[in-house]
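Hi,

Here is the structure I promised to pass on. Have a look at it first, and my notes follow below.

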Amino acid sequence: MIIWHIVAILLTLVLVTSGFDWHYFLSTRAQALRSLMFPAVHIGGLLPILLPLTLLAFGSLTRSASTCLVGWAVGQAEIIGGLVAAAYKATTGRAHPLHVVGADLSHTFRFGLLRGGVFWGWPSSHTTIAFAMAGTIFTLFPKQRWLGYFAFAYALYVGIGVSMTIHWFSDFAAGAIFGTVIGVVVGKSFLRLLPGALFPAAHFGDS
């Protein structure tokens with residue numbers, strides 16, 4: 001899926017060089033707006049931990065192979081998403097936006113190894129992981145699309161929320177692309193297990 005990595009990189013280039021990132025940052029400094037969106041930072045950090053653990057625990061208690069399968073799929077997608085985002089951050093070293101308007105840092109990248117750490121920068125880990133989870137759920141439940149739509153609505157809130165608080169817009173855009181691709185790929189790989197040897201009698205909704 002390297003083509004989607006190229007798309008994310010080119011989109012980021014356009015958003016940065018056109019000045020969109022900086023103008024978006026300036027237009028989202030209203031305190032009321034930031035207060036409304038800041039919970040996305042915490043929700044995007046906690047739910048990816050709680051959801052797969054809850055699914056695995058519930059699946060074990062109810063002996064539902066399909067529920068456990070979803071838990072493993074979501075967990076794997078989130079881990080891959082986090083690793084991909086961290087790898088890019090470790091080599092791009094993008095400066096994160098300040099909480100107050102100051103110098104334009106939207107063009108600042110420190111390419112190299114760990115010049116900007118792996119916690120801040122491009123792409124947004126919150127967004128990548130949220131969209132990886134959403135893409136997995138959307139793919140695993142083709143007959144319950146409302147679950148996928150709800151998951152993507154959550155991912156969009158997280159992504160837009162961090163783009164108004166701790167990230168640039170292009171960090172969110174790239175993370176959404178990376179995460180969705182990861183989620184779809186992982187979801188398809190686990191979907192093949194449903195009628196296979198690992199869970200021969202498992203179907204969603206069955207135990």
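Arg63 sits in the loop between α4 (39–62) and α5. Its phi is near 55°, a positive value in a residue other than glycine. Please keep in mind that this is a predicted model.

The next thing to look at is the other end of α5. In the loop between α5 and α6 you'll find Pro123. A cis peptide bond joins Trp122 and Pro123, with omega at about -5°.

Now for the helices on either side of that loop. Two packed helices are described by the angle between their axes and the distance between the axes. For helix α5 (residues 65–92) and helix α6 (residues 125–140), the axes come within 8 Å and cross at roughly 150°. An angle over 145° counts as roughly antiparallel, so that is how α5 runs relative to α6. Their crossing is right-handed.

Which residues meet there? On the α5 side they are Val70, Ala73, Val74, Ala77, Glu78, Gly81, Gly82, Ala85 and Lys89, and on the α6 side Ser125, Thr128, Ile129, Ala132, Met133, Thr136, Ile137 and Leu140. Sorted by class, this contact of α5 with α6 has 10 nonpolar, 5 polar and 2 charged residues.

One more helix pair is worth a look. Helix α1 (residues 2–17) packs with helix α8 (residues 169–191) at an angle of about 170°, and their axes are 9 Å apart. Are these two roughly parallel or roughly antiparallel? With that angle, α1 and α8 are roughly antiparallel to each other.

From α1, the contact takes in Trp4, His5, Val7, Ala8, Leu11, Thr12, Leu15 and Val16. From α8 come Phe169, Ser170, Ala173, Ala174, Ile177, Phe178 and Val181.

Cheers

Definitions and conventions. Residues numbered from 1 in each chain as written. Predicted model: local features only at pLDDT ≥ 70, side-chain atom pairs only at ≥ 80, totals over all residues. Heavy atoms only, no water. Axes fitted to C-alpha atoms, helices over the stretch in contact; angles between N-to-C directions. Helix = DSSP H or I, 4+ residues; strand = E, 2+ residues; numbered from the N terminus. Parallel < 35°, antiparallel > 145°, perpendicular 65-115°, else oblique. Left-handed = near helix turned anticlockwise from the far one by under 90°. Contact = heavy atoms within 4.5 Å. Nonpolar A, V, L, I, M, F, W, Y, C, P; charged D, E, K, R; others polar.
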